[in-house]
Amino acid sequence: MMRSVVIYSSKTGFTKKYAKWLAEDLSADIFDATKVTAEMLEGYDTIIYGGGLYALGISGVEYIKQMAYTISTDYPLQAIKQTCF
Ligand SMILES: Cc1cc2nc3c(=O)[nH]c(=O)nc-3n(C[C@H](O)[C@H](O)[C@H](O)COP(=O)(O)O)c2cc1C
């Protein structure tokens, strides 16, 4: 069975609400980005990230991208880009 996880970063709660909806629909695990470690992400086939859009971009997305590289060095760069943008 494919394992999915939804990670969110949310300052005022909007993204958290959407992340919960997604995780429920997908029967996925859900983690707050501030509490997640690279080890926690091992074994997932799909990592979905959501963050509020702030003037400089999606909050926290660079941190999660680096974590994805850490756990899977052979993960295709293109796949990571498609996942995040
Ligand atoms: C300082 C600031 C900058 C923002 N910049 C943008 C932006 O550039 N584009 C946009 O669509 N929304 C922008 N927003 C709106 C937030 O993305 C939106 O409120 C979002 O729901 C926040 O999600 P969160 O509360 O889960 O972090 C901005 C909000 C704040 C407070």
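Me: How many helices and strands does the secondary structure of the protein chain come to?

Reply: In this predicted model, the secondary structure of the protein chain comes to four helices and five strands. Reading from the N terminus on, you will find the elements in the order β-α-β-α-β-β-β-α-α.

Me: Which residues have the most contacts inside the largest nonpolar core?

Reply: A nonpolar core is built from buried residues such as Val, Ile, Ala and Tyr that are joined through C-beta atoms within 7 Å. Here the largest nonpolar core has 13 residues, and those with the most contacts inside it are Val5, Val6, Ile7, Tyr8, Ala33, Ile47 and Ile64. Two or more residues of this core come from each of the elements β1 (4-9), β3 (46-51) and α3 (61-71), and β1 gives the largest share, which is four residues.

Me: With which residues is Tyr8 in contact, leaving aside its neighbours within four places in sequence?

Reply: Once those neighbours within four places are left aside, Tyr8 is in contact with Thr15, Lys16, Ala19, Asp32, Ala33, Gly50 and Gly51. For the protein chain as a whole, 63% of the contacts with a separation of 6 or more are between residues 24 or more positions apart.

Me: What share of the protein chain counts as buried, and is Ser27 buried or exposed?

Reply: Of the 85 residues of the protein chain, 21% count as buried. Ser27, whose place is in the loop between α1 and β2 (29-32), is exposed because it has 9 other C-beta atoms within 10 Å. Although Ser27 and Ser4 are 23 residues apart along the chain, their C-alpha atoms are separated by 7.9 Å.

Me: Which residues are around the ligand?

Reply: The residues around the ligand are Ser10, Lys11, Thr12, Gly13, Phe14, Thr15, Gly52, Leu53, Tyr54, Ala55 and Ser59. At least two residues of this shell are supplied by α1 (14-26), and at least two by β4 (53-54).

Technical notes
Residues are numbered from 1 along each chain as its sequence is written. This is a predicted model: local features need pLDDT of at least 70, side-chain atom pairs count only at pLDDT 80 or more; totals for chains, interfaces and linings use all residues. A residue is buried if 20 or more other C-beta atoms lie within 10 Å of its own, exposed if 12 or fewer, and partly exposed in between; C-beta atoms are placed from the backbone. Two residues are in contact if their C-beta atoms, placed from the backbone, lie within 7 Å. A residue is near a molecule or strand if its C-beta atom, placed from the backbone, lies within 6 Å of it.
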